[in-house]
Amino acid sequence: MDFYITAIMLGLCLSSMSLGIFISMKIFNIPDITTDGSYTLGAVVTAILLTAHWHAAAIIPVVMACGAVAGSLTALIHTRLKIDALLAGILVMTGLYSINLIVLGRSNVPLINVSTLFSKIHFFSNQGYNDALAALLFIGIILCIVTFILKTDFGIAMRATGDSPSMTRSLGVNTNTMKIIGLAIANSLTALSGYLVAQYQNFTDINMGIGIVITGLGSVLIGDALISWWKIRSILWQLVVVLCGSIIFQMVLAVTLSVGVDPNLLKLVTAIFVLLIVSIPRLKLNLRQ
Amino acid sequence: MIELKNIHKVFNKGEANEVVALHNLSLTIQKGEFAVVIGSNGSGKTTLLNIISGAELCSAGSVTINHTNVTRYREYHRSKWIARVFQNPLSGTAPNLSILDNFRLAALRTTSKKLTIGINDAFKKQVQEKIAALGMGLENKVEQPMGTLSGGQRQALTLLMSVMDNTDILLLDEPTAALDPKSSNVVMQTADTLIKQYNLTALLITHNLKDANQYGTRLIQMAEGNILRDINSAEKTKLQLQNMFGWFA
């Protein structure tokens, strides 16, 4: 049972990243691979500042700012130098690996005797419940903020940028600036996932971000499938469904492991699972024709 | 008022496929004038429109709008004066956004998009009233995604969106090219009404000579990147459709 609770917790912690990928991929139509780097960046900054005895809450703006810088760098390379977004993301991600390693100082930093976000809440006697409450509150606040931003006039301009760039420009919106702001927001959300996961698992590892973008993409694709299936139009509910997608994704991985699949095959299973989510709607379409 | 002076536009300069799209073109369109631009493919009509809107910057020459030199202004900057309707109905609207969201963005064309929620009941009612005037029965569907509407409906709504905010200039790039005859009529009549009602300076590109004859207060024929014929209001009313066909011989 604990096994599944851990999966749900991980899904919650990673859902901030899923919201970020939902913004970059679904709203801006940009495949953003910076994620691998900015997720680790968030965890690295968290580890360094926590061991320097910063308060867990004080770290949040720093983590978000670092993620935002990484995201805007990708967007700047993409918009100013006219380099493909995918390549721009890969470049920034690759560069970030070295930066993360330099900042962290070594490949792994344990966070055992430090006061984390999760050790601050003592509502229940069971620490597992406290962890869940902390994660839920944290994600709930993020969800409200992102929903609010997307509903404002500025948010409409953001959503229009990915949907119809020519119209958006003719309505007085600098779409390049919008993309920079959008990827900055997306990657600061991703960095927040790094912040949460590092504290939840009590360590930061330089390799923890490798392939994490697939997890995020998978979560968004699950969410997206449900959104079009249930024809959800409300922004709040769309984001909630994406959040659930993140939890479902982790649950599927947990089930896979619990039925005895070799943990070494986990990345392969992840890739195949994402492939399945992407292909099932298409296969169905082919059958109908 | 739009003033173009000695406009040159060259694509792929210095390369084998160099194209001179506009060649030393000068044109002044007065406030409230509705100019219809005709011409063969490749005569530079769309480039002319793009130079005015700022989607393309000219290689040489100057563009002035209401006495402000906007030659180096980008499209999103010139939107302070200019509203556009595109040839492709998909380009002028955002398909996955609701009709209401589309109108909200259009209502903010000349101002900044702030971090406040602007869609409220009053705004919704205002949009519904405007849409009801079209008589298409769309006023109760404002929460629907724009993409669920037909091309004709979307073009008509794009026209309405263009007057949601202060507009001086309306640029119409073959707005009816993708539409059936009935929808074309509705869109052209809506455009004509709005241009008169808001006293807009308008520029319409069309391949439909009947429309060119019927609408507008000035007729311009382009050829090889410059103006071949420029016919004023008085002469235009006397112009016979049959004579116009001869221009393309």
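Before anything else, one convention: axes are lines fitted to C-alpha atoms, and the angles I quote run from 0 to 180 degrees between N-to-C directions. Please also bear in mind throughout that this is a predicted model.

With that convention, consider helix 6 of chain B, residues 181-197, which lies across strand 3 (34-39), strand 7 (169-173) and strand 8 (201-205) of chain B. Relative to strand 7 of chain B, this helix runs at about 165°.

In chain B, 6 strands form an open sheet in the order 6-7-8-3-9-10, and the pairing is mixed. Strand 6 (82-85) and strand 10 (226-231) of chain B each have a single partner strand, so they stand at the edges, with one side of each left without a neighbour in the sheet. On average, neighbouring strands of this sheet are turned by 20° against each other, direction ignored.

Let me turn to a single loop residue. Leu134(B) is found in the loop between helix 4 (121-132) and helix 5 (151-162) of chain B. Is this residue, Leu134(B), buried or exposed? Its relative accessible area is 15%, and the cut-off for buried is under 20%, so Leu134(B) counts as buried. Leaving aside residues up to four places away in sequence, Leu134(B) touches Ala156(B), Leu157(B), Leu160(B) and Thr190(B). The C-alpha atoms of Leu134(B) and Gln153(B) are separated by 9.4 Å, the two residues being 19 residues apart along the chain.

Finally, the interface. Here 21 residues of chain A are in contact with 31 residues of chain B. The area buried between chain A and chain B is about 2200 Å², with carbon and sulfur atoms giving 64% of it. Of the area that chain A buries against chain B, Asp153(A), Asp163(A) and Leu171(A) supply 27%, more than any other three residues.

How many salt bridges are found across the interface of chain A and chain B? The rule finds 3. In one salt bridge, the side chains of Asp101(B) and Arg159(A) meet at 3.1 Å, N to O. There are also 15 residue pairs in polar contact across the interface of chain A and chain B, both residues at pLDDT 80 or more.

On the side of chain A that touches chain B, helix 5 (127-151), helix 6 (153-163) and helix 7 (165-170) of chain A each supply at least two residues. The largest share of that side, 7 residues, comes from helix 6 of chain A.

Technical notes:
Residues are numbered from 1 along each chain as its sequence is written. Chains are lettered from A and ligands numbered from 1 in the order in which they are written. This is a predicted model: local features need pLDDT of at least 70, side-chain atom pairs count only at pLDDT 80 or more; totals for chains, interfaces and linings use all residues. Side-chain values use heavy atoms; hydrogens and water are left out. Two strands pair if DSSP finds at least two bridges between them. Helices (H or I, at least four residues) and strands (E, at least two) are DSSP runs, numbered from the N terminus. Contact means heavy atoms within 4.5 Å. Buried means under 20% relative accessible area, exposed over 50%, partly exposed in between (1.4 Å probe, protein chains only). Buried area is the accessible area (1.4 Å probe) that two parts lose on being put together, summed over both. A salt bridge is a side-chain nitrogen of Lys or Arg within 4 Å of a carboxyl oxygen of Asp or Glu. A polar contact is a pair of N or O atoms within 3.5 Å; within protein, one must be able to donate a hydrogen and the other to accept it, and residues adjacent in sequence count only if both atoms are side-chain atoms.
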